[in-house]
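Work through the exercises below with the sequence and the 3D view side by side. Try each task before reading its solution.

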Amino acid sequence: MIEIQAFDVHSASDAAWTRFHRYRRLRDAQIHPGEPQADDAEFEHAARRPMPFHDAWRFMALDGGELAGNLMLWTRRPGTPGSEDFAPHVDAWLGVLDAHRRRGIGTRLLRTLLDFMRAHDRRLATMNAHLPEGHAFLEAAGAVLKHRMVENRMSLDGLDADMLARWKAQATEGPVRSGLRWEIHAGRTPTSRLASLMSPFSALFNDAPIGALELPPARYQLEGYADWYRELDRSGGEHFLVLLVDAEGELAAMCEAQWDARFPDRLHQRLTGVARAWRGQSLAKGVKAAMLECCRARHPELRMVLTYNADANAPILAINRQLGFAVHRRQGCYQLEVGALAASLPRQDGAPG
C-alpha cells in the first residue's frame with residue numbers, strides 16, 4: 001500500500017499541489033509547532049525558483065493513497081564553481097507524518113535515496129535531525145553524527161541598550177584597535193563592495209567549527225548574493241551588514257542579518273566572524289551590538305532574533321548568553337555513506353542490499 005512518486009514542482013497539477021500543501025502544513029506543525037508558515041503561493045514560488053548553484057529533487061510517499069511522507073534532495077549543479085569538489089555529496093531531508101510512522105515509509109524513502117545515490121554516483125549524504133525519533137532513525141540507517149548545532153533565540157524586550165552601546169564603543173577604543181573603522185550597510189550592500197568581500201567572507205566561514213563533517217570548503221559567491229537580493233526585492237526583505245575594517249582596508253570582523261517583511265517581528269542573524277589576527281579584542285561583541293542597534297532603529301517592530309551556532313563555538317555562545325539568547329532547539333548533523341545505507345536496508349527481490 002506504500003507507493004513512492006516523484007513530485008515535479010513545474011508540472012504538478014493543481015490537485016497535486018493542494019494535496020501537497022495539506023501535507024506540508026500538517027508536517028510543519030508537527031516538527032516546528034507554533035512557527036509561522038509560508039502561504040501556498042509563496043511556497044510554490046520558492047519551490048519552482050531556480051537555485052543559482054543547486055539542483056533539487058522531491059519524492060512523495062503515499063500510504064493507501066494518502067500523502068504520508070516526503071524526501072528532498074539537493075546536489076551541486078555541474079559546471080558551477082566548486083562543483084567538482086561537491087560531486088560525491090548529496091544533501092537530504094526526509095520526513096513522515098506522525099500518524100503514518102512505523103509502517104516502513106521511512107525505509108522506503110531511504111531506498112529511494114540509495115537508488116538516487118547509486119544512479120548519480122554520490123558517496124555521502126548529509127542529513128539533519130532535531131527530534132529524538134529523527135536521531136534514532138538516522139542512526140539505525142547507519143548515519144554518523146558529525147556535528148551539533150544550536151538554534152538560539154532572544155527576545156528583544158529585555159535587551160540592555162546601555163550594554164550594546166558599551167560593546168560598540170569598546171570595539172574601536174584603545175591603541176590596538178584605534179585604526180579600526182565602522183562600515184554599516186542597512187537594507188542592501190553595493191555590488192562592488194560585496195564583490196570585494198567574497199574571499200574574506202569565505203575565509204571566515206571556513207574557519208568556523210564544523211565538527212567532523214566531511215565537506216569541501218565553502219565559497220561565498222557574488223551570484224548567490226545577487227539571487228538572494230532579487231528575492232528580497234520581491235518579498236520586501238532587507239540585508240544588514242556590519243563591518244569593522246582595519247587601517248589597511250582589510251576585514252577585521254563582520255556580522256550580517258536578514259529581515260523579512262512577511263515576518264516583520266523576526267530578525268535572522270547570519271554569519272558573525274572575526275579574522276584570526278583580531279581575535280581576543282571583543283570585536284564580535286562590537287559587531288553584534290552594532291547590528292542590533294541598526295536593525296532595531298530601522299525596524300522597531302522587531303521582537304525576536306534567531307541564530308544558529310555550532311555547539312562547539314564557545315566564544316560566540318558565551319556572547320549570545322550575555323545578550324539574552326536561550327537555546328530553542330538542538331540539531332544533529334549526520335553523514336551517511338552509501339555502503340552503510342545499503343547495508344542497513346532490508347534486501348528486496350532482485351535488488352542488491
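Predicted model: local features only at pLDDT ≥ 70, side-chain atom pairs only at ≥ 80, totals over all residues.

**Exercise 1. Pairing between strands**

- Step 1. β5 and β12 run antiparallel and are joined by 6 bridges.
- Step 2. Move to β6. It pairs with β12 over 9 bridges, also in the antiparallel sense.
- Step 3. For a landmark there, take His-147, which stands opposite Cys-333 in β12.
- Step 4. Now go to β4 (residues 89–96). It runs parallel to β5 (residues 124–129), and 3 bridges join the two.
- Step 5. Val-90 has Ala-125 of β5 as its bridge partner.

**Exercise 2. The whole sheet**

Task: State how many strands the open sheet has and in which order they lie. Then explain why one side of β1 and of β7 is left without a neighbour in the sheet.

Solution. 
- Step 1. The open sheet has 12 strands, and its pairing is mixed.
- Step 2. The order is β1-β2-β3-β4-β5-β12-β6-β11-β10-β9-β8-β7.
- Step 3. β1 (2–6) and β7 (181–187) stand at the edges. Each has a single partner strand, so one side of each lacks a neighbour in the sheet.
- Step 4. From one strand to the next, the twist averages 20 degrees.

**Exercise 3. Helices across the sheet**

Task: Identify the strands that α3 and α9 lie across.

Solution. 
- Step 1. Helix α3 spans residues 105–119. It lies across β1, β2 (54–63), β3 (66–76), β4, β5 and β12 (326–337).
- Step 2. The angle between α3 and β4 is about 165 degrees.
- Step 3. Helix α9 spans residues 314–323 and lies across β6 (144–155), β10 (266–274) and β11 (304–310).
- Step 4. α9 runs at about 160 degrees to β11.

**Exercise 4. The nonpolar cores**

Task: Name the residues of the largest nonpolar core that touch the most other members.

Solution. 
- Step 1. This core holds 35 residues. Met-154, Leu-283, Leu-292 and Leu-323 touch the most other members.
- Step 2. At least two residues of the core come from each of α5 (161–170), β8 (238–245), β9 (251–259), β10, α8 (283–298) and α9.
- Step 3. α8 gives the largest share, 9 residues.
- Step 4. Look closely at Leu-292. Beyond its neighbours within four places in sequence, Leu-292 contacts Met-154, Leu-156, Leu-159, Leu-164, Val-305 and Leu-323.
- Step 5. A second, separate core has 28 residues, including Leu-94, Val-96, Met-117 and Ala-342.

**Exercise 5. Two helix pairs**

Task: Decide whether α5 and α8 are oblique or roughly perpendicular to each other. Do likewise for α1 and α2.

Solution. 
- Step 1. The axes of α5 and α8 come within 7 Å and cross at roughly 130 degrees.
- Step 2. The two helices, α5 and α8, are therefore oblique to each other. Their crossing is left-handed.
- Step 3. α5 brings Leu-164, Ala-165, Trp-167 and Lys-168 to the contact. α8 brings Lys-285, Gly-286, Ala-289, Ala-290, Leu-292 and Glu-293.
- Step 4. Helix α1 (residues 14–31) and helix α2 (residues 40–48) pack at about 100 degrees, with axes 11 Å apart.
- Step 5. That places α1 roughly perpendicular to α2.
- Step 6. Among the residues in this contact are Trp-17 and Phe-20 of α1, and Phe-43 and Ala-47 of α2.

**Exercise 6. Buried or partly exposed?**

Task: Classify Glu-231, Leu-302 and Ala-29 as buried or partly exposed.

Solution. 
- Step 1. The cut-off for buried is under 20% relative accessible area.
- Step 2. Glu-231 sits in helix α7 (residues 222–235). Its relative accessibility is 19%, so Glu-231 counts as buried.
- Step 3. Not counting residues up to four places away in sequence, Glu-231 touches His-45 and Arg-49.
- Step 4. Leu-302 lies in the loop between α8 and β11. At 4% relative accessible area, Leu-302 is buried.
- Step 5. Ala-29 lies in helix α1. With a relative accessible area of 39%, Ala-29 is partly exposed.

Definitions and conventions. Residues numbered from 1 in each chain as written. Heavy atoms only, no water. Pairing = 2+ DSSP bridges. Helix = DSSP H or I, 4+ residues; strand = E, 2+ residues; numbered from the N terminus. Axes fitted to C-alpha atoms, helices over the stretch in contact; angles between N-to-C directions. Contact = heavy atoms within 4.5 Å. Core = buried A, V, L, I, M, F, W, Y, C linked by side-chain atoms within 4.5 Å. Buried < 20%, exposed > 50% of the residue type's maximum accessible area, 1.4 Å probe, protein only. Parallel < 35°, antiparallel > 145°, perpendicular 65-115°, else oblique. Left-handed = near helix turned anticlockwise from the far one by under 90°.
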